[in-house]
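Please read it alongside the sequence and coordinates shown below.

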Amino acid sequence: MERIVTGNQMKCFDQYTIEKMEIPSLVLMERAGLSVFEAIKKEGFPLEKVLILCGTGNNGADGVVLARLLHLAGYHTDVCILGKPENFTKEMQKQINIGKNYGISFVKSYCISEYTVIVDAIFGVGLSREIAGNLKEIIQELQDFHGKIVAVDIPSGICSHTGKVLGCAVKADLTVTFGYQKVGICLYPGADYAGKILVADIGVYNDPNLLFQPEIYTYTKNDLKRIQRKQDGNKGNFGKILLIAGSKSIFGAAYLSGMAAMRTGAGMLKICTHKENKLLFSCFPEAMLLCYEDQEDITQELLESFRWADVIGIGPGIGLDKQAQKLLDTVLFYGKKPLVIDADAIGMLREREEALKNYPKEVIITPHLGEFSRLTGISIEKWKENPIKITQEIAKTLSVVLVCKDARTIISNGNERIYLNLSGNDGMASAGSGDVLTGIILSFLAQGKAAQEAACLGVYLHGMAGDMAAEKKGRAAMLARDLIEAAGQILDEV
């Protein structure tokens, strides 16, 4: 598990390190500059001639430190300071004085075509206003640069807590960020502007008990070790899933979701689907079936299945007709087991919010942004302005674990801990991918994970499977079924 922070949180960590731990700010700057120096050498960037663009604040001071290190290593390095001396922080002025003592080159003007690498040390994580005027022209000019661009901590022009472009922004090949990843370079479009991201430890105090809310975190491959199978277990130990999925004209959603659940460790699976799908499930003999015909009332059979199951999933491919609504109402009023709601079932939750809030067990809902907007009345554009806060608020309002699916999926159960997923790729934006995710989350829920953890582990593994599938098949060619195979391989590896 790794922490991700907003710009304001990072400033608090810096301040605590300097004031309470008594580490001088110049020491942190020295380590910041050194970390960028080591990163650009390791990445093999062409350092024949380097231009460092510095603002007047402490981000600019980091840039001057880098210039000194490059100069001492024998690289031709120019520094251009974009701002007036009266706006220098005391650290910036100190670094300029040191740089002059060492004989580094400060220039008033430059021609970008002369340089092989440009370093962006203009604005740090504290930027909150839109960039305009001369600075905007300078940043826009970098769009024509054909060499490598390196951003110090965060690309200038990216909002550190939303990823929004503030008027214009530097598009970097590499961002060396300090202490922790910043929310702004994890969310899009900021992630696209950051390029490759390297996190450098510069000595900022990182006691896990020093928390600033909200606490934002992400998973790494090591977290999948939490999914352990008992060597002396049996199929009952690994959970029994009732999956209500598919309809008269849709079979694939039920198959993909059910197969994903079984391939990621679930012990037993019963699929409730339309009778038309019965023959098609001959290719899936591991699943039990509960079939219904048009307008058939299967309430009694569902009640029996609720008693049998450890967890319930509903939604993939069930449609929006009266029969589908009846199935959802039966689940909401009589289910009484941990529940995952996806796809079509989310589309029917409007005006069923009270039943959702009163459900006696944990509920996970997994909307893509279109479904989220229809459920909440919040536009996609509005959500993207502050996705973490809005996801948190809606999860609390609905009393659910909310999985907002996007290029960067965000998960919240309404408390102060927010999960931000960094695995996955655009090749997963294809039919059936969401059905696979539902099956994986159901599997982990059935295996005894709490709803928040099941959702986070499921989303992370789903994204990792997408990355593996992309390597094998190519992002344009990969299919949802490829995610299932890859997910099983990844679990076996860990």
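In which loop does A343 lie? A343 is placed in the loop between β15 (339–341) and α10 (344–347). The model is predicted, and the points below are grouped by topic.

**Backbone details in loops**

- A343 is not a glycine, yet its phi is positive, at about 50°.
- A343 has a relative accessible area of 17%, and because buried means under 20%, A343 is classed as buried.
- S399 is likewise not a glycine and has a positive phi, in this case about 60°.
- The loop that holds S399 runs between α14 (387–398) and β17 (401–404).
- S399 has a relative accessibility of 46% and so counts as partly exposed, since that class covers values between the buried limit of 20% and the exposed limit of 50%.
- A cis peptide bond joins Y188 to P189, with omega near 10°.
- P189 belongs to the loop between β8 (181–182) and α6 (190–194).

- E215 is part of strand β10, which spans residues 215–218.
- The relative accessibility of E215 is 18%, so E215 counts as buried.
- The side chains of E215 and R417 make a polar contact at 3.4 Å.
- Leaving aside residues up to four places away in sequence, E215 touches E416, R417 and I418.

**Packing of α15 against α17**

- Helix α15 covers residues 433–446 and helix α17 covers residues 480–493; their axes come within 8 Å and cross at roughly 30°.
- That crossing angle makes α15 roughly parallel to α17, because angles under 35 degrees fall in that class.
- The crossing of α15 past α17 is right-handed.
- On the α15 side, the residues that meet α17 are S433, V436, I440 and F444.
- On the α17 side, the residues are A480, L483, I484, A487 and L491.
- By class, the residues of this contact between α15 and α17 comprise eight nonpolar, one polar and no charged.

How values were computed:
Residues numbered from 1 in each chain as written. Predicted model: local features only at pLDDT ≥ 70, side-chain atom pairs only at ≥ 80, totals over all residues. Heavy atoms only, no water. Axes fitted to C-alpha atoms, helices over the stretch in contact; angles between N-to-C directions. Helix = DSSP H or I, 4+ residues; strand = E, 2+ residues; numbered from the N terminus. Parallel < 35°, antiparallel > 145°, perpendicular 65-115°, else oblique. Left-handed = near helix turned anticlockwise from the far one by under 90°. Contact = heavy atoms within 4.5 Å. Nonpolar A, V, L, I, M, F, W, Y, C, P; charged D, E, K, R; others polar. Buried < 20%, exposed > 50% of the residue type's maximum accessible area, 1.4 Å probe, protein only. Polar contact = N/O pair within 3.5 Å; in protein donor to acceptor, adjacent residues only side chain to side chain.
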